[in-house]
Each structure stands twice: as C-alpha cells, then as structure tokens.
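Hi,

Here is the structure I said I would pass on.

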Amino acid sequence: MFIVIEGIDGTGKSTQARLLAEWFREQGREVVLDFEPTRGPHGMKLRESFTGGRLAPEEELALFVADREEHVAQVIAPSLAAGKVVILDRYYFSNMAYQGAIGFDPQEIRDRNEAFAPVPDILFILDLDTDTALARIGGRGDETNEFEKREDLERCRGIFLSLKDEPFVRVIDASKPMDEVQEQMRAEAS
Ligand SMILES: Nc1ncnc2c1ncn2[C@@H]1O[C@H](COP(=O)(O)OP(=O)(O)OP(=O)(O)O)[C@@H](O)[C@H]1O
Ligand SMILES: Cc1cn([C@H]2C[C@H](O)[C@@H](COP(=O)(O)O)O2)c(=O)[nH]c1=O
C-alpha cells in the first residue's frame, strides 16, 4: 500500500505519518516511512536553500524532480514491490503546490513526475488555514523559512485543494485535535 501525506508547512504531516506508521506496524505490516526532499545529495542541496536563500526556480524544480527520481528508484519502487507499506511525508504533490506557487504550471509538474513516479493509493491532504499553520511552526520553536512565506502558502493550499476530486484523494481537516485527525486517517486506510 502506498500512502502520501501532503499539506502546507505546519499542518501535522510528520506527526500523522509517524502515528500511521505505528498503527500499521502494530498490525504486523512492514512499513517504510520516508519524506521528500530526501537526505540524498539533491535533497540536501535543496534543504540548504530553505534558510540560505532559494535557488533559481528552474534549478529548484530540476533538483526536486531529480531527488524524486532517485527516491522512486532506490526506495519507493523496491519497497512497494516487496509488499511493504510506504508512507511518505511529501511527494510530487508538494512539487505541484510549491513550485506552482512561484509560477510553474502544476499540471506540467504533475505530468513530468508521473512519467516515473507511481500514483499513491491514498493521498491525504491535511488542510489548515495558513495563519494557524504558521502559528504551529512558531509553537514548534522553528523560525519560518524561505518556503514558508504566507502568500506562497496561501497559493500552495489552493493547489493542494484543487486535487480534492481525484479518486485517491482524502482531504482531512487538520484543525481538529491530533487524535481525531489520526482516527479519520486510519479509518480511510483500513
Ligand atoms: N492536530 C493538531 N493540533 C494541534 N497541533 C498540532 C496538530 N498536529 C500537529 N501539531 C503540532 O503542530 C506542529 C507542526 O506539526 P508537524 O511538524 O507534524 O507538521 P508538518 O506538517 O510536518 O510541518 P512541516 O511541513 O513544517 O515539516 C508541531 O508542534 C505539532 O506538535
Ligand atoms: C517535496 C517538495 C517539498 N518542497 C518544499 C516544501 C517545504 O517547505 C520543504 C520541505 O520542508 P519539510 O519541513 O521538510 O516538509 O520543501 C517543495 O517546494 N517542493 C517539493 O517537491
């Protein structure tokens, strides 16, 4: 089973991904819990740009796609082929949202990624208003970074929600308490 969790920064993706992985493991399933950008060479160059200043848009997009090509080849595809549950904290839908928010065509980004990246069985979109999301980032003790500008996050949220009618998409109200969000996700993944 291939599950992806998406949403703007601060919506609770990492929190819910960990809880969902725990639930599958309690059922005896082998789980690969991972995230994008990865900690590979392309992903690390991107992570440096979060605080060091964003790369040129074309280079940024190319690096996210290159990072994902390696991720699919080295982790995602082999894990799915081995019958494991793969849970991702971000995938190519973040590519559509965040690079779409700075001017690229989200559909073109989707087509470019789906040429090599498998579509998930379930895409959970954790939806939350931007102000609350930014407050949670602050509450976590983090400074906001180059990718967390309010206006960009508003556009990201809109692009995520533009996927709401896809058959594999489940939009989750991330303003609810953590346990209620997780309960809804477990019900959808059952
Ligand atoms: N449902 C919730 N209600 C209130 N606080 C929450 C909820 N879910 C997560 N949080 C808190 O909000 C903060 C952000 O959560 P988390 O790091 O899981 O979000 P994220 O979507 O992974 O963020 P990022 O994309 O920036 O990594 C954390 O302090 C977390 O404890
Ligand atoms: C996969 C992917 C991610 N991003 C952005 C979105 C976030 O601001 C950061 C990742 O931060 P996190 O706290 O580790 O979740 O990267 C992007 O712009 N494009 C993508 O394809």
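Which residues does UniProt list for "binding site"? The unreviewed entry gives Gly7, Ile8, Asp9, Gly10, Thr11, Gly12, Lys13 and Ser14; UniProt positions are in the numbering used here, feature names are shortened, and annotations may be inferred rather than shown by experiment. From this set, Gly7, Ile8 and Thr11 belong to the lining of the largest cavity.

Some housekeeping before the rest. This is a predicted model, where local features need pLDDT of at least 70 and side-chain atom pairs count only at pLDDT 80 or more, while totals for chains, interfaces and linings use all residues. Residues are numbered from 1 along each chain as its sequence is written, chains are lettered from A and ligands numbered from 1 in the order in which they are written, and side-chain values use heavy atoms, with hydrogens and water left out.

On to the listed stretch. Gly12 sits in the loop between strand E1 (2-6) and helix H1 (13-26), and Ser14 is in helix H1 (helices, H or I of at least four residues, and strands, E of at least two, are DSSP runs numbered from the N terminus). The cut-offs are under 20% for buried, over 50% for exposed and partly exposed in between, with a 1.4 Å probe and protein chains only. Leaving out residues up to four places away in sequence, Ile8 touches Lys13, Arg90, Tyr98, Leu128, Thr130, Ala133, Leu153, Cys156, Arg157 and Phe160 (contact means heavy atoms within 4.5 Å).

Now the cavity. On a 1 Å grid over the protein atoms alone, a cavity is a set of points where a 1.4 Å probe fits but cannot get out; a pocket is an open set with protein on both sides within 12 Å along at least five of seven lines; lining residues have an atom within 4 Å of a point. Points are joined across faces, edges and corners, and a volume is the space filled by probe spheres set on them. Strand E4 (122-127) and helix H7 (150-161) each supply at least two residues of the cavity lining.

The largest pocket has a volume of about 950 Å³. It is lined by 39 residues, of which Lys13, Ser14, Asp89, Arg90 and Arg140 are the closest to its centre. H1 gives the largest share of that lining, six residues. By class, the pocket lining has 14 nonpolar, 10 polar and 15 charged residues (Ala, Val, Leu, Ile, Met, Phe, Trp, Tyr, Cys and Pro count as nonpolar, Asp, Glu, Lys and Arg as charged, and the others, Gly among them, as polar).

One more residue to look at: Glu60, in helix H3 (residues 57-81). Is Glu60 buried or exposed? Glu60 counts as buried because its relative accessibility is 0%. Its side chain makes polar contacts with the side chains of Arg54, at 2.6 Å, and Gln99, at 2.8 Å. A polar contact is a pair of N or O atoms within 3.5 Å; within protein, one must be able to donate a hydrogen and the other to accept it, and residues adjacent in sequence count only if both atoms are side-chain atoms.

Cheers
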